[in-house]
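This report describes the ligand site and selected local features of one protein structure. The sequence and the structure are shown first.

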Amino acid sequence: MTEIQNHVFENGAQLADTLANYVTEAINAGIAERGRASLVLSGGSTPARLFQQLATRPIAWADVTVTLTDERWVDETSEDSNAAMLRRELLTGEAAAAKFISLKTEHATPGEGETACAERLAALPVPYDLVVLGMGTDGHTASLFPGDANLGPALDPDTAQPCIAANPPGAAQARMTLTLPSLLSCRRLVLLISGAEKRAVLEKALEDGPVEDMPVRALLRQDAVPVDVFWAP
Ligand SMILES: O=C1O[C@H](COP(=O)(O)O)[C@@H](O)[C@H](O)[C@H]1O
């Protein structure tokens with residue numbers, strides 16, 4: 001079982017400030033070591049404040065390649081697009097010099113886009129310097145959802161696929177997600193969550209129970225990378 005370190009803050013502003021420093025350090029260490037850094041970031045609403053802070057940090061952004069943990073299969077004109085959120089909140093000012101790899105291809109479905117997406121992801125330096133994941137109140141992380149027909153292949157530790165289509169039951173859109181082995185191909189792993197409800201979900205995920213019920217357990221139970229949990233009310 002991996003080492004899990006909890007970082008608890010009084011509020012979201014303090015969390016964003018401290019985590020932006022943590023991410024900056026991971027990026028700068030990557031650039032110092034191999035001349036470039038790779039960053040995998042979650043979508044959704046929680047990371048917006050972190051991204052705003054991170055965009056102000058002194059970083060050689062042209063040496064940084066950024067992608068997402070997962071993406072909804074929508075164009076960037078949609079308010080559900082994780083890429084649009086990332087561009088709006090992070091890739092502004094000097095941070096706009098970062099290279100961004102979108103998981104959304106021109107294909108009609110994420111299943112058809114898997115090969116093209118995998119080819120794009122091959123441009124990212126591996127291991128990734130940092131992966132920042134979020135979590136939903138159903139225990140999903142990235143787009144590893146309970147009940148998804150592709151969850152088994154996505155969690156397969158031996159899969160060679162870096163990304164796979166996801167069709168979460170009841171969700172408005174199909175998605176593309178990085179697979180578990182791809183997410184774990186990193187030097188540091190952060191789980192970023194906020195609010196009492198998600199704290200309770202995390203406590204439940206730390207209890208015994210099937211990974212398929214709460215896929216975030218796959219991250220909490222692996223032994224490849226230590227996990228830093230950042231939480232604020
Ligand atoms: O759908 C998604 O949900 C999770 C959690 O999002 P949040 O809005 O509750 O912060 C996110 O980590 C994932 O990237 C996103 O696609």
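## Loop features and ligand site

Pro-127 is found in the loop between helix H4 (110–121) and strand E6, where helices (H or I, at least four residues) and strands (E, at least two) are DSSP runs numbered from the N terminus. A cis peptide bond, with omega about 0 degrees, joins Val-126 and Pro-127. Most peptide bonds are trans, and most residues other than glycine have a negative phi.

The model is predicted, so local features need pLDDT of at least 70 and side-chain atom pairs count only at pLDDT 80 or more, while totals for chains, interfaces and linings use all residues. Residues are numbered from 1 along each chain as its sequence is written, and side-chain values use heavy atoms, with hydrogens and water left out.

The loop between strand E6 (130–133) and helix H5 (151–155) holds Thr-141. Thr-141 counts as buried because its relative accessibility is 0%; buried means under 20% relative accessible area, exposed over 50%, and partly exposed in between (1.4 Å probe, protein chains only). A polar atom of the Thr-141 side chain lies 2.6 Å from the backbone oxygen of Gly-134. Ala-142 lies in the loop between E6 and H5. Although Ala-142 is not a glycine, its phi is positive, at about 45 degrees. Ala-142 counts as buried because its relative accessibility is 6%.

The ligand is surrounded by 15 residues, the closest being Ser-45, Thr-46, Asp-70, Arg-72 and Lys-198; a residue is near a molecule if one of its heavy atoms lies within 4 Å of it. This shell divides into two nonpolar, nine polar and four charged residues. For this division, Ala, Val, Leu, Ile, Met, Phe, Trp, Tyr, Cys and Pro count as nonpolar, Asp, Glu, Lys and Arg as charged, and the others, Gly among them, as polar.

| Residue | Distance to a ligand oxygen atom |
|---|---|
| Thr-46 | 2.4 Å |
| Lys-198 | 2.6 Å |

Helix H1 (residues 12–34) contains Leu-15. Leu-15 is buried, with a relative accessible area of 6%. The C-alpha atoms of Leu-15 and Phe-230 are separated by 7.1 Å, although these residues are 215 residues apart along the chain.

Conventions
A polar contact is a pair of N or O atoms within 3.5 Å; within protein, one must be able to donate a hydrogen and the other to accept it, and residues adjacent in sequence count only if both atoms are side-chain atoms.
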